Amino acid sequence: MYPLSTEHGFRLSREAGFDGVEVMVTRDERTQSAEALLKMSERYEQPIMSIHAPVLLLTHFVWGRDPKVKLEKSAGLAASVGAESVVVHPPFRWQAEYAVDFLQIVRETANTYGVQIAVENMFPWKAAGRSMKAYMPGWDPTDFDCDSVTLDFSHASLAGQSSYDLAVGFGERLRHVHLCDGTMSADEGRIFDEHALPGHGTQPVAEVLALLAEQGWDGQVVAEVNTRKARSDEERLALLVETVEFARRHTGQAAQGDEKDAPTTDPAASVGA
């Protein structure tokens with residue numbers, strides 16, 4: 001729902017028919033408070049399924065500048081609100097000290113707080129047609145020695161990768177999915193990841209969801225779609241409804257209110273989308 005309020009996200013998530021929310025920690029103090037989040041969770045009957053650590057450039061000063069502290073606080077917040085997972089990006093290149101021990105920090109923090117910490121696939125940065133090494137140890141977690149991974153379809157698109165191949169390559173480490181889509185890669189001139197609605201791009205989103213359903217996968221599918229161009233709450237709600245219906249259809253879930261034979265995948269709305 002960014003840049004709308006956190007409470008706005010909880011409300012629209014319920015109205016659209018999602019099972020719960022992912023909260024991205026931002027400068028909004030309510031996203032940093034377990035008490036405030038639990039109040040909204042109860043008010044709108046939306047469980048908090050995951051926490052997205054404040055790793056974006058726009059959250060650079062949230063919880064200080066130490067990325068290890070940010071991750072530990074995110075894990076603590078997740079444990080306090082009952083979320084089972086934390087999403088984190090690979091370190092930026094200029095966070096060299098953190099990057100050297102990143103995978104060890106991830107594993108130790110997950111064990112300490114009893115939550116999954118799922119490292120998200122990112123994409124190469126380009127400027128004036130030249131690649132920049134923005135992440136360490138890299139932007140693709142396929143070969144990372146970590147226990148949990150997040151697959152983002154929009155990031156795969158920008159990286160010029162097939163999300164289906166990534167899902168297969170991640171194997172049992174794939175525990176979290178950011179449901180969205182993309183139309184082109186950085187090599188084709190795209191600069192920013194799109195987070196388009198699933199089915200509105202070129203990634204094999206439906207095929208990946210079907211694969212996970214066939215495998216009896218029990219991770220989280222979290223909608224991370226861009227709704228900023230919506231001119232009203234009604235338009236925004238329609239985008240979210242389309243997204244959750246796409247997720248349920250391609251994971252083989254029954255319609256809302258009819259849970260018979262529904263698999264265990266859990267589509268969720270992302271407050272920080």
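Q: How many cavities of 30 Å³ or more does the count come to?
A: Rolling a probe the size of a water molecule over the atoms shows where empty space is left. On a 1 Å grid over the protein atoms alone, a cavity is a set of points where a 1.4 Å probe fits but cannot get out, whereas a pocket is an open set with protein on both sides within 12 Å along at least five of seven lines, and lining residues have an atom within 4 Å of a point. By this rule there are two cavities of 30 Å³ or more. The model is a predicted one, in which local features need pLDDT of at least 70 and side-chain atom pairs pLDDT 80 or more, while totals for chains, interfaces and linings use all residues. Residues are numbered from 1 along each chain as its sequence is written, and side-chain values use heavy atoms, with hydrogens and water left out.

Q: What is the volume of the largest cavity, and which residues are closest to its centre?
A: A volume is the space filled by probe spheres set on the points, which are joined across faces, edges and corners. For the largest cavity this is about 150 Å³, and of its 15 lining residues Pro54, Val55, Pro67, Phe92 and Gln95 are the closest to the centre.

Q: Is Glu120 buried or exposed?
A: Buried means under 20% relative accessible area, exposed over 50%, and partly exposed in between (1.4 Å probe, protein chains only). Glu120 is buried, because its relative accessible area is 0%. The C-alpha atoms of Glu120 and His178 are separated by 9.0 Å, although these residues lie 58 residues apart along the chain.
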